[in-house]
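The sequence and model come first.

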Amino acid sequence: EEVEDTSEPTKRDRSHLENTLKLNEDKPADDFSGVLQRLRKIYHSSIKPLEQSYRYNELRQHEITDGEITSKPMVLFLGPWSVGKSSMINYLLGLDDTPYQLYTGAEPTTSEFTVIMHGPKLKTIEGIVMAADSARSFSPLEKFGQNFLEKLIGIEVPHKLLERVTFVDTPGIIENRKQQERGYPFNDVCQWFIDRADLIFVVFDPTKLDVGLELEMLFRQLKGRESQIRIILNKADSLATQELMRVYGALFWSLAPLINVTEPPRVYVSSFWPHEYHPDTHKDLFLKEEISLLEDLNQVIENRMENKIAFIRQHAIRVRIHALLVDRYLQTYKDKMTFFSDGELVFRDIVEDPDKFFIFKSILAKTNVSKFDLPNREAYKDFFGINPITSFKLLSQQCSYMGGCFLEKIEKAITRELPDLLGSIGLGKKPNVLSCDITGCGETPKNRYRKP
């Protein structure tokens, strides 16, 4: 009688993973507390006042919290169901065969948004608790409702990699399932995580290359974030060489209409799990691809402060453009109003056809604004439908004797303060030297009127 082989598959050596991600190094993590404190001060003193005054959050639905400023880089895993997203996280963190490994299987298994973060011991945190803790940067997720919070879960793991990065596992895309069946706005939640992710892994496997409406919607949401996207063709060792080449070509063929950029995202071809590659496959190629992906991940971790400052500066530029546009709408409204005018009809005429009043062209002509940064004109119809134009003040009136002008402060942050902060890191200075005495982030204000 034949005896069944019940031995477990052998596992691959993890040394390349530990070496590439520098998990064996004992050197302490860089102390960027001074830089973060300065960054928080610039945001609260120079950017947030204009943001609140012109209700930017109601246009973009992106409110920056202190937790988001101080948070670690976030790596987001997206893709169809059962392509190996959870298995990949288990592999990177060595969670296989531990009580806290993410559940995996051939059927759709992950129905929650799972946030894997660092903690002193293995612990599970409910979504309601995560949203209530403002220090975790997940408090804005409360706006998606209690149904969603029940589908949000956090796992704390005492792993060295998680001291420097946070992973987010998402429910797999099922093409025949509608958003309403999930009980919460799935695409809106995905957009929230996409907006905050430093690296986005979109995972496929050779058997799930079909592009349906859900996947099309996802790639529309990824528009403008192409530099953060990495495509992963997982389970590559399950195919023979010739078949793998055909699948690789089919993947590009399927995605080409969805990613309309000159330079396509990087595609990694390998099998991201702990077991040995199948025999008679390109083991060396798969290992090199895996190391390349790990180097990519490590680069994002190493550049976390530069990315954070650049993100805040990009946010400040958008807030400034929004304020200039609202100011221009308001000034046009005031110029067109007469004693006998109907205010509502006058403003409706301006909102319906802003080009007739040169709203957007005047912003490009008078200020240092790129036409590629201008927001969608249609968005302002909805914005002013909720926020009456008369509820805003002109930029020229947003000044005070002690505080200065809102516009001048945000322009100073964009052109001088944030680039200087970025330069202090790029020049190789020790980050912990940036104490409050030097950066001016302390609580005690300096007397600007006292002669030296």
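## Aromatic pairs

Rings of Phe, Tyr and Trp (its six-membered ring) pair if their centres lie within 6.5 Å; planes under 30 degrees apart count as stacked, over 60 as edge-to-face and the rest as tilted. The structure, a predicted model, holds 25 aromatic pairs. In one of them, the ring centres of Phe-383 and Phe-384 are 5.2 Å apart and the planes stand at 75°, so this pair is edge-to-face. Phe-383 and Phe-384 are both buried (under 20% relative accessible area; exposed is over 50% and partly exposed in between, with a 1.4 Å probe and protein chains only).

Ring pairs join Phe-383 and Phe-384 into a cluster with Tyr-54, Tyr-329, Tyr-333, Phe-347, Phe-360, Tyr-380 and Phe-392. A charge sits over a ring if NZ of Lys or CZ of Arg is within 6 Å of the ring centre and within 35 degrees of the ring normal. Arg-55 lies over the face of Phe-392, 4.7 Å from the ring centre, and Arg-377 over that of Phe-360, at 4.5 Å.

## Helix α16

Helices (H or I, at least four residues) and strands (E, at least two) are DSSP runs, numbered from the N terminus. Helix α16 spans residues 377–386, and its buried residues are Tyr-380, Phe-383 and Phe-384. Down the axis of α16 these fall within an arc of 90°, so they line one face of the helix; the arc is taken from the directions from the helix axis to the C-beta atoms. The face turned away from the buried side of α16 carries the exposed residues Asp-382, Gly-385 and Ile-386.

## Salt bridges

A salt bridge is a side-chain nitrogen of Lys or Arg within 4 Å of a carboxyl oxygen of Asp or Glu. By this rule there are 15 salt bridges. One of them joins Asp-296 to Arg-230, with the closest N and O atoms 2.5 Å apart. Asp-296 belongs to helix α12 (residues 283–302) and Arg-230 to strand β7 (residues 229–233), so the pair ties together parts that are 66 residues apart in sequence. Both Asp-296 and Arg-230 are buried.

Lys-356 and Asp-349 form another salt bridge, at 3.2 Å between the closest N and O atoms. Lys-356 is partly exposed at 46% relative accessible area, and Asp-349 is partly exposed at 33%. Salt bridges also link Lys-22, Arg-164 and Glu-302 in a network.

## Basis

Residues are numbered from 1 along each chain as its sequence is written, and side-chain values use heavy atoms, without hydrogens and water. Local features need pLDDT of at least 70 and side-chain atom pairs count only at pLDDT 80 or more, while totals for chains, interfaces and linings use all residues.
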